Amino acid sequence: MLLVMHDQAGAGDPDNFQRLWTPHRMAYIKGENKPTGTGPEDGCPFDAIPKMTDEEGLIVARGNTVYAVLNLYPYNSGHLMVVPYRHVSDYAELEAAELVELGEFTQRALLALRKASGAQGFNVGMNLGHVAGAGIAAHLHQHVVPRWGGDTNFMPVVAQTKVLPQLLRDTRQLLADAWG
């Protein structure tokens with residue numbers, strides 16, 4: 001994040017607004033590295049992440065059938081996802097062991113986020129299918145978004161920008177330590 005104040009020579013009258021630049025979000029906006037198909041061979045990041053180190057992949061914890069990973073484009077600090085290793089798109093396709101561990105990891109995520117960041121509430125859920133808002137519809141993932149009183153401000157509403165107070169790698173380490 002880079003905060004820049006400058007005159008806008010040649011670009012109209014200076015408006016005295018400060019500019020908050022978030023160039024890292026351009027990859028998300030352009031859909032870079034977003035899988036184009038529905039199979040695991042189509043470049044699904046949720047299939048690639050478990051092959052990385054925890055630090056590289058921003059993995060908070062690994063289980064037998066699911067893992068917890070920070071969202072690369074978070075709504076709030078600590079926004080993580082619980083993802084089955086198996087490439088499935090629908091909750092109804094999960095096997096019994098996956099259902100149980102997904103629930104357990106969601107519970108552990110809540111506890112870790114409360115311990116590490118004092119989260120006061122959560123948004124927990126899944127977007128199943130593109131029409132439901134799933135960014136990567138081919139691979140099921142459950143979002144766990146921590147919330148705090150007053151965590152919504154003018155930036156997302158006016159500037160369509162989230163201000164995150166901590167680097168993802170630092171957040172990953174705090175949550176991994178709090179996972180227990």
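Let me begin with Asn71, which, if we leave aside its neighbours within four places in sequence, is in contact with His79, Leu80, Met81, His143 and Leu168. Please keep in mind throughout that this is a predicted model.

As for where Asn71 sits, you will find the residue in the loop between strand S4, residues 66-70, and strand S5, residues 80-84. Its relative accessible area is 10%, and because buried means under 20%, Asn71 counts as buried. A polar atom of the Asn71 side chain also lies 2.7 Å from the backbone nitrogen of Tyr73.

Why start there? The unreviewed UniProt entry lists Asn71 together with His143 under "binding site". These two are spread over 73 residues of sequence, and yet they cluster in space, with a largest C-alpha distance of 8.4 Å.

Turning to His143, this residue belongs to strand S7, which covers residues 142-147, and His143 is likewise buried, with a relative accessible area of 14%.

Finally, I would like to show you His87, which is placed in the loop between S5 and helix H4, residues 96-117. Is His87 buried or exposed? At 19% relative accessibility His87 counts as buried, since the cut-off is under 20%. Its side chain makes a polar contact of 2.7 Å with the side chain of Asp47, and another polar contact, of 3.2 Å, joins the side chain of His87 to that of His139.

Conventions:
Residues numbered from 1 in each chain as written. Predicted model: local features only at pLDDT ≥ 70, side-chain atom pairs only at ≥ 80, totals over all residues. Heavy atoms only, no water. UniProt positions renumbered as here; feature names shortened; annotations may be inferred. Helix = DSSP H or I, 4+ residues; strand = E, 2+ residues; numbered from the N terminus. Buried < 20%, exposed > 50% of the residue type's maximum accessible area, 1.4 Å probe, protein only. Contact = heavy atoms within 4.5 Å. Polar contact = N/O pair within 3.5 Å; in protein donor to acceptor, adjacent residues only side chain to side chain.
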